[in-house]
Amino acid sequence: MSGVIGATGGTSVDTSRLKSSENLKKAGEKFEAVFDGMMLKSMRQAKLSDPLFDSKAIDTFTEMQDAQVAQSMAEHAPMGIGEAMTAFLAKSQSDLNAVPAKPEQ
């Protein structure tokens with residue numbers, strides 16, 4: 001357990017998982033999904049119109065639907081914020097920078 005939890009209040013300082021480009025790409029995709037979810041939630045909170053039926057069940061369903069839409073957006077039509085984060089983190093990893101780029105087809 002030494003070196004795993006730092007003085008940042010329980011945040012892990014173990015960066016060994018960032019050494020894999022696959023893990024870094026997954027992290028970028030998840031970050032994109034979280035960002036998209038926050039954007040959708042903010043849009044819903046704007047309440048441009050009053051819903052016809054308003055209940056906790058509809059709110060819960062809407063949150064679940066927004067989470068699924070955000071994940072789908074991150075996988076199929078990313079805005080690029082996840083890729084930017086991935087590129088930024090990859091710069092600090094010399095092992096990942098040595099990996100050759102994808103061959104052009």
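Me: Which helix do the buried residues of helix 2 pack against?

Reply: The buried residues of helix 2 pack against helix 1. Before going on, note that this is a predicted model, where local features need pLDDT of at least 70 and side-chain atom pairs count only at pLDDT 80 or more, while totals for chains, interfaces and linings use all residues. Residues are numbered from 1 along each chain as its sequence is written, and side-chain values use heavy atoms, with hydrogens and water left out.

Me: What do you call buried?

Reply: Buried is under 20% relative accessible area, exposed is over 50%, and partly exposed is in between (1.4 Å probe, protein chains only).

Me: OK, which residues of helix 2 are buried?

Reply: Thr 62, Asp 66, Ala 70 and Ala 74. Looking down the axis of helix 2, these buried residues fall within an arc of 100°, so they line one face of the helix. The arc is taken from the directions from the helix axis to the C-beta atoms.

Me: And what is exposed on the other side of helix 2?

Reply: Ala 57, Phe 61, Met 64, Gln 68 and His 76 are exposed there.

Me: Back up a bit. How many helices and strands are there?

Reply: The protein chain has four helices and zero strands, running α-α-α-α from the N terminus. Helices (H or I, at least four residues) and strands (E, at least two) are DSSP runs, numbered from the N terminus.

Me: What span should helix 2 have?

Reply: Helix 2 has 21 residues and should span 30 Å at 1.5 Å a residue; its end C-alpha atoms are 30 Å apart, which agrees. The expected span is 1.5 Å times one less than the number of residues.

Me: And helix 1, how far does it reach?

Reply: Helix 1 covers residues 21-45, and its 25 residues reach 36 Å from the first C-alpha to the last, close to the 36 Å expected. Its buried residues are Leu 24, Gly 28, Glu 32, Ala 33, Asp 36 and Leu 40. After helix 1 comes Lys 47, with a positive phi near 45°.

Me: How many salt bridges does a search of the whole structure find?

Reply: One. Arg 44 and Asp 66 meet through their side chains at 3.0 Å, N to O. The pair links distant parts of the chain, with Arg 44 in helix 1 and Asp 66 in helix 2 (residues 56-76), 22 residues apart. A salt bridge is a side-chain nitrogen of Lys or Arg within 4 Å of a carboxyl oxygen of Asp or Glu.

Me: Are those two residues buried or partly exposed?

Reply: Arg 44 is partly exposed, with a relative accessible area of 45%, whereas Asp 66 is buried at 10%.

Me: New topic. What does Thr 86 contact, leaving aside neighbours within four places in sequence?

Reply: Thr 86 is in contact with Leu 24, Lys 25 and Gly 28, where contact means heavy atoms within 4.5 Å. Thr 86 lies in helix 3 (residues 81-91) and is buried, with a relative accessible area of 18%.

Me: How much of the whole protein chain is buried?

Reply: Buried residues make up 14% of the 105 residues. Among contacts between residues at least 6 apart in sequence, 74% join residues at least 24 apart.
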